[in-house]
Amino acid sequence: MAAEGLNLPGSSRLAQRTRGFTLLELAMTVAVVGLLSAVAVPSYTSYIERQKVLQAGRDLSQLAMSIERYRTLHFAVPLSLDDLGIDLPQDPWGRDYQFLNFNAPIPGINGRIRKDHNLHPLNTEFDLYSLGEDGRSSAPLTAAGSRDDVIWAQDGGFIGLASDY
């Protein structure tokens, strides 16, 4: 005797219940996925930004070592990063690293030297930094456009976000 020939009590009700998900089950699933996404996405983007800052710090350290190598060979700080004769990396946000030799013959150079919250220069001979995520910067680190910059300060004693300096 075939199974479909049996007419068991409640079998048609059981078949109707196992066909798919109810609207309530689908709504609960969407709510759980939405909640997990609301927690995971900001955490992931924060992780990615921290990694970009770390990469910029590593790049700044490498560039500073190249500048010191140049100083050893030429007895002076280069006028620009192009003078180093190396393939210059771009920062993790796709922009060139910024460099300013304090002794370069540039009109108004004193106004371009980056300063801390006490308006003291960050370095003694040159500035080296990334413009950060927003691509904007100002000479004082307290300016809103400078807070996300990745800086090389205290002549290499500090490398990190301007907001942490």
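Buried means a relative accessible area under 20%, exposed means over 50%, and partly exposed lies in between (1.4 Å probe, protein chains only). This is a predicted model, where local features need pLDDT of at least 70, side-chain atom pairs count only at pLDDT 80 or more, and totals for chains, interfaces and linings use all residues. Residues are numbered from 1 along each chain as its sequence is written, and side-chain values use heavy atoms, leaving out hydrogens and water.

Q: Which residues of β2 point the other way from F126, L128 and S130?
A: Strands (E, at least two residues) and helices (H or I, at least four) are DSSP runs, numbered from the N terminus. In a regular strand, side chains alternate between the two faces of the sheet. Strand β2 covers residues 126-130, and five of its five residues are buried. Opposite F126, L128 and S130 point D127 and Y129.

Q: Which residue in β3 is the bridge partner of L128?
A: Two strands pair if DSSP finds at least two bridges between them. β2 and β3 (residues 150-153) pair in the antiparallel sense over three bridges. In β3, the partner of L128 is W152.
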